[in-house]
Amino acid sequence: MVGVLVPTPAHSALGACLSYLGPRPLPSGTLVRVPLGHRTVLGVVWNAAVDPGPAVGPALRPVQEVWHALPPLPQDWCALVDFAARYYQRSLGEVALAALPPALRALDANQLQRRLQRLPQASPAQPPASGPPLTDDQRRALDALATAGRPVLLFGATGSGKTEVYLQACARVLQDDPAAQALVLVPEINLTPQLEERFRARFGEAVVTLHSGLTPAQRLRHWLLAHLGQARVVLGTRTAVWASLPRLRLIVVDEEHDPSYKSQEGARYSARDLAVVRAHLLSAQGCRVVLGSATPSLESWYAAERGRYLRVDLPDRMGGAVRPTLRLLDLRQHPRDTLLAPALLQAIQHRVAQGEQALLLLNRRGYAPVVACGDCGWKSGCPHCSAYLVYHKAQRLLRCHHCGHAQAVPRACPGCGNVDLAPLGRGTERLQEHLHTVLANLTRADGNPVRIGRLDADTARTPQALQELLGAVHRGDIDVLVGTQMVAKGHDFRRITLVAAINPDDALFAADWRAPERLFALLLQAAGRAGRDAAFVADRRSAVELWVQTTAPHHPLFAALARHDYPGFAAQQLAERCKASMPPFVHQALLRAEARQLDTALAWLAWAAQQTQDLPGRAQVTLYAPVPMTMVRVAGVERAQLLLESASRPALQALLAAWLPRLHAGRSLPQARGLLRWAIDVDPLGY
Ligand code: ADP
Ligand code: ZN
Ligand code: ZN
């Protein structure tokens, strides 16, 4: 008899592990195909004791195929799946199968054989190309990584040489052990093609990527190369944390503060946190982990303060690259609908005339976030969501950014018939249009008209469109680039001397208490785009500047930003969080519920809360009242949540683990009638 994990639905009543008749004992992690209902599915052999599910069917069915052609998934992979399933309160089968490439799940043994034959022959490992000699600070970081015996938090501004440390850390690991592998996680690969190029230049064919931009076939191929040990460096996004790497010895998490590391579906795992766990599981084998950022998450910063992580600083930007000076523009001194204050406009014109580039950050795509009637107050709300429809002028559409609903702009106000509907507020499309108008009389140094580019989810719909746009900025074909937070990512634009945040105030006054942390990171990251090329900057007359238009110039966030003082900002934020008992000083979990009627969701959460009375850990866990989510309605579904909080992670975990079976069992009770979905989110990021 053999235990096999199969893809049982998230909250199915089936146990995680089903029993099948096996040919002989198979090691855990062996891939097999087994019958499940009327289908045949991919499964993972699991010998560890798990809670047995109810018997399925009268008689045991046999395993259909054992994939001898592939080595079993490594032990640490199985251990990671086991940890994640417990910690994030999901079934083992769901976590294990979701961690495998979708294309693998669709294969049978014959197809697998053909895929394997098409893989390139393992070539003798080429020694990595050598990098530049490291600075003293970089060498200190590299040595710390080798000796720390705990996760290293590499803290350094954009351009301080973090990536070079990652590259040489990988090279060292690969040289020390002819089979060793390294895993490098990044938030976003498409936006940072230069990073991939740098890894390829250093490690050549030994690098494979794993991210959502690949076709399913490519992804499978890369996954197989990693699993077979042929790929030595895996560069990937969040899901790559699940890559099967038989000899993993180094994990890098770049931009570790980035929220995209947290999955928003299924197990809702944090790839950053799982990276730390995975390295820990492999600590006896000498696996290291380094988290890098210019603005670490407060969780990681606090872990370093307490000594759980070792912080290593890279204090200077390489090659004397300049740190931008902060220029605050008080919007209260300008008319309410000011898009660009005159001083900022002048500064942009000045840059363009000199052949320099400007980068304008506005975190809203579309033309205007809402269309409104000045007479009766009607606003363009989404019929399915508690959100406004965004005006997209070029497409002449109102679009919901949450459910995708789109409709033509009404000719007249649906409320009162007024034909004078006005777009309210500003989006990237409007800013680009505005710049076209105000820069129309300006010519570039080469006599051509000024070119204004836009980078957001609308203009970067395909990878090709994105690459074209980035290429144009690189070549200097674009003088002013407008965009959402996409523009702040790792692009290496050489000629930018001015970065401006057009309207960051939303984040300053948002209900989400993590918003200031994100804003600080975003602004500092955006600022990091400017002045990267010291030689170029030295030749210019204009200063390297970060402009911020705001109605709250005295906000303490800006004082810290002006000093480029992340430690000061973090200290202030942590003091506030400590006083208010918020993460990282407490641990949180959310129970989310969705229903057609808000009352159904709220009532079910209230029932769920009652079920905790006698559970282990209850005395140490605070339960808050069920509340509607900030965005209560999305795509016609009402959403509510219940927050749980505890200073003790074990107490919270114990409660969740004991609670879950009751919630599953409650599915058929009257309380659950009308409930569409529920899910637990451990360490939630936003709510
Ligand atoms: P970060 O990842 O912190 O943004 P990078 O590693 O990309 O920093 O370094 C910034 C720039 O400095 C890059 O162009 C890189 O090639 C260069 N660089 C990094 N380390 C060195 C070094 N030791 N010697 C020379 N150039 C370096
Ligand atoms: Zn009206
Ligand atoms: Zn909608």
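**Entry 1: L359**

I looked up L359 and found it in strand β14, which covers residues 357–361. The model I am reading is a predicted one. L359 has a relative accessibility of 1% and therefore counts as buried, the limit being under 20%. I then listed what L359 touches, leaving out residues up to four places away in sequence: L481, V487, I496, L498, V499, A500, A526 and R529. I also checked L359 against V419, which is 60 residues away along the chain. The C-alpha atoms of L359 and V419 are separated by 36 Å.

**Entry 2: the whole chain**

I turned next to the protein chain as a whole. I counted 20 helices and 28 strands in its secondary structure. Along the principal axes, the C-alpha atoms fill a box of roughly 80 × 65 × 50 Å. The radius of gyration is 27 Å, which agrees with the value near 26 Å that a compact globule of 687 residues would have.

For burial, I noted that 55% of the 687 residues are buried. The chain exposes about 29,400 Å², of which carbon and sulfur atoms supply 52%. Among contacts with a separation of 6 or more, 76% are between residues 24 or more positions apart.

**Entry 3: the sheet β16-β17-β18**

I examined an open sheet of 3 strands, ordered β16-β17-β18, with antiparallel pairing. Strands β16 (390–392) and β18 (406–408) stand at the edges; each has a single partner strand, so one side of each is left without a neighbour in the sheet. From one strand to the next, the twist averages 30°.

I also followed the pairing of β16 with β17 (residues 397–399): the two strands run antiparallel and are joined by 3 bridges. Within this pair, V390 stands opposite R399 of β17.

**Entry 4: helix α8**

I then took helix α8, residues 216–227, which has 12 residues. From first C-alpha to last, α8 reaches 16 Å, close to the 16 Å expected at 1.5 Å a residue. The buried residues of α8 are L220, H222, W223, L224, L225, A226 and H227.

Which elements do the buried residues of α8 pack against? I found α3 (102–105), α4 (109–117), β7 (181–185), β8 (207–210) and β9 (233–236). Just after the helix, G229 takes a positive phi of about 85°.

**Entry 5: helix α9**

I repeated the exercise for helix α9 (residues 271–281), which is mostly covered, with 8 of its 11 residues buried. These are A271, R272, L274, A275, V276, V277, R278 and A279. The cover over them includes α1 (75–87), β7, β10 (248–253), β11 (288–293) and α10 (298–305).

**Entry 6: T600**

Last, I looked up T600, which lies in helix α19, residues 598–610. Is T600 buried or exposed? Its relative accessible area is 18%, and since buried means under 20%, T600 is buried. Setting aside neighbours within four places in sequence, I recorded contacts of T600 with A595, R673, G674 and L675.

Methods
Residues numbered from 1 in each chain as written. Chains lettered and ligands numbered in written order. Predicted model: local features only at pLDDT ≥ 70, side-chain atom pairs only at ≥ 80, totals over all residues. Heavy atoms only, no water. Pairing = 2+ DSSP bridges. Helix = DSSP H or I, 4+ residues; strand = E, 2+ residues; numbered from the N terminus. Axes fitted to C-alpha atoms, helices over the stretch in contact; angles between N-to-C directions. Expected span 1.5 Å × (residues − 1). Buried < 20%, exposed > 50% of the residue type's maximum accessible area, 1.4 Å probe, protein only. Contact = heavy atoms within 4.5 Å. Rg over C-alpha atoms; globule rule 2.2 N^0.38 Å. Areas by Shrake-Rupley, 256 points an atom, 1.4 Å probe, with all protein chains shown as cover.
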